[in-house]
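Please keep the sequence and the structure at hand while reading.

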Amino acid sequence: GIAGAAGIGLSMVFSLLVIYLLIAMVMPQVFLSIGSIVTAFPSMVNKWSAWIQNYLQDNEIVWNYVNQFIDTVSVNVESWLETKLLPNMQTIVSGVSAGLLGAIVVMKNILIGLIAAIYMMGNRRKFAAQAKKLIYSAFSVRHANAILDECRLIDRMFGGFISGKLIDSLIIGCLCFFFMSILNLPYSMLISVVVGVTNIIPFFGPYIGAIPSAILVLTVNPMQCLYFLILILLLQQFDGNILGPKILGNSTGLSAFWVVTSILLGGGLFGFVGMVMGVPTFAVIYYIVDMILDNKLKKKKLPVRSESYDEWSYVDSSGEYIHSEEIKSKAEEK
């Protein structure tokens, strides 16, 4: 109805407005940081070259090796410019043109995605009813209800994990910018964006964002790099022990081992998206497999808790479960 259409329209306008405000506030600072890096890069190179020269001037053998390495790199770069870059300038220009065309295609896909999202939001109740109708027609009532329960679980787990992780990463990025500004650390906006975005990746995200950021700060001032590393360590402790559990709760129910496994597997198969979505996906698979195993054990009248299957307990030939405590008590009686 009119109310539904108005709600969809307002939600889309609000979402676009939030994205625009974030871009308007963040991107100019990011471009300014990148511009300052490009401008200061020659002086950074000269400063580090002078530092290396002063450090190695007392060791003539090492200094000769360094000079030889620099000369080799210079010759290789000059050869690459003459034999690779200049002859292929037309190909590079064509690649830039293809990149611009690709950007236009991306914008077109974003527009199509927005239109599709509007149609899906407008017909979500109808689509849900059709899917429910299909499930009840294809499966028995018991199996259909079980499938619908699993679908609700998947919706809760993915929705809660993604929205919670986005809010968590936004807070960490804002805190990083706030404390970096107080400590007067360089490239605060650029590094805060990197830290916030990479924090979306569970477990490995903080390290992925902190390492290149620390190297960037190190080129300016080694002591400030130390301050930055201490700040990141404190932020990640706060996120891992207080903020993250508070926002996400126990949404996945996975141990640390399975979290790492799901990130590595998802990242290896699907890249960045796989690293982000691997944890909730694996959590759903883990829950379904665990539920199937529990049902099979209940049918056999066996305990379902993993702790019950320690090294002493076992199931005898009649199918009866023998607890480790019973074995220990019999051994003590003997």
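The model is a predicted one, and in it Y187 belongs to the loop that lies between helix 5 and helix 6. The backbone of Y187 has a positive phi, about 55°, although Y187 is not a glycine.

N184 sits in that loop between helix 5 and helix 6 as well. Its phi is also positive, near 60°, and N184 is likewise a residue other than glycine.

## Helix 5 against helix 6

Helix 5 covers residues 141–182 and helix 6 covers residues 188–198. Two packed helices are described by the angle between their axes and by the distance between those axes. For helix 5 and helix 6 the angle is about 155° and the axes are 8 Å apart. Helix 5 is therefore roughly antiparallel to helix 6, since angles over 145 degrees fall in that class. The crossing of helix 5 with helix 6 is right-handed.

Which residues of helix 5 and helix 6 meet? From helix 5 come S169, I172, G173, C176, F177, M180 and S181. Helix 6 supplies S188, M189, I191, S192, V195 and G196. Sorted by class, the contact of helix 5 with helix 6 contains seven nonpolar residues, six polar residues and no charged residues.

F178 is another residue of helix 5. Its relative accessibility is 46%, so F178 counts as partly exposed. Between F178 and S192 there are 9.0 Å from C-alpha to C-alpha, with a separation of 14 residues in sequence.

## Helix 6 and its cover

How many of the 11 residues of helix 6 are buried? Eight are, and helix 6 is mostly covered. The buried residues of helix 6 are S188, M189, L190, I191, S192, V195, G196 and T198. Among them, S188, M189, I191, S192, V195 and G196 are buried and also take part in the contact with helix 5.

## Helix 6 against helix 7

Helix 7 runs over residues 205–218, and its axis comes within 7 Å of the axis of helix 6. The two axes cross at roughly 165°. Helix 6 and helix 7 are therefore roughly antiparallel to each other, and their crossing is right-handed.

On the helix 6 side, L190, I191, V194 and T198 make the contact. On the helix 7 side, the residues are G205, P206, I208, G209, S213, L216 and V217. The contact of helix 6 with helix 7 divides into seven nonpolar, four polar and no charged residues. I191 of helix 6 takes part in the contact with helix 7 and in the contact with helix 5.

Q236 lies in helix 8, which spans residues 222–248. The relative accessible area of Q236 is 15%, so Q236 is buried. Apart from residues up to four places away in sequence, Q236 touches I172, N199 and P206. Of these, I172 belongs to the helix 5 side of the contact with helix 6. P206 belongs to the helix 7 side of the contact with helix 6.

S262 is located in helix 9, residues 256–299. With a relative accessible area of 3%, S262 is buried. Which residues does S262 contact, leaving aside neighbours within four places in sequence? They are G278, V279 and F282.

## The chain as a whole

The chain contains 10 helices and two strands. In sequence order the elements follow the pattern α-α-α-α-α-α-α-α-α-β-β-α. The chain has 334 residues, and 24% of them count as buried.

Taking contacts between residues at least 6 apart in sequence, 59% join residues at least 24 apart.

Notes. Residues numbered from 1 in each chain as written. Predicted model: local features only at pLDDT ≥ 70, side-chain atom pairs only at ≥ 80, totals over all residues. Heavy atoms only, no water. Helix = DSSP H or I, 4+ residues; strand = E, 2+ residues; numbered from the N terminus. Buried < 20%, exposed > 50% of the residue type's maximum accessible area, 1.4 Å probe, protein only. Contact = heavy atoms within 4.5 Å. Axes fitted to C-alpha atoms, helices over the stretch in contact; angles between N-to-C directions. Parallel < 35°, antiparallel > 145°, perpendicular 65-115°, else oblique. Left-handed = near helix turned anticlockwise from the far one by under 90°. Nonpolar A, V, L, I, M, F, W, Y, C, P; charged D, E, K, R; others polar.
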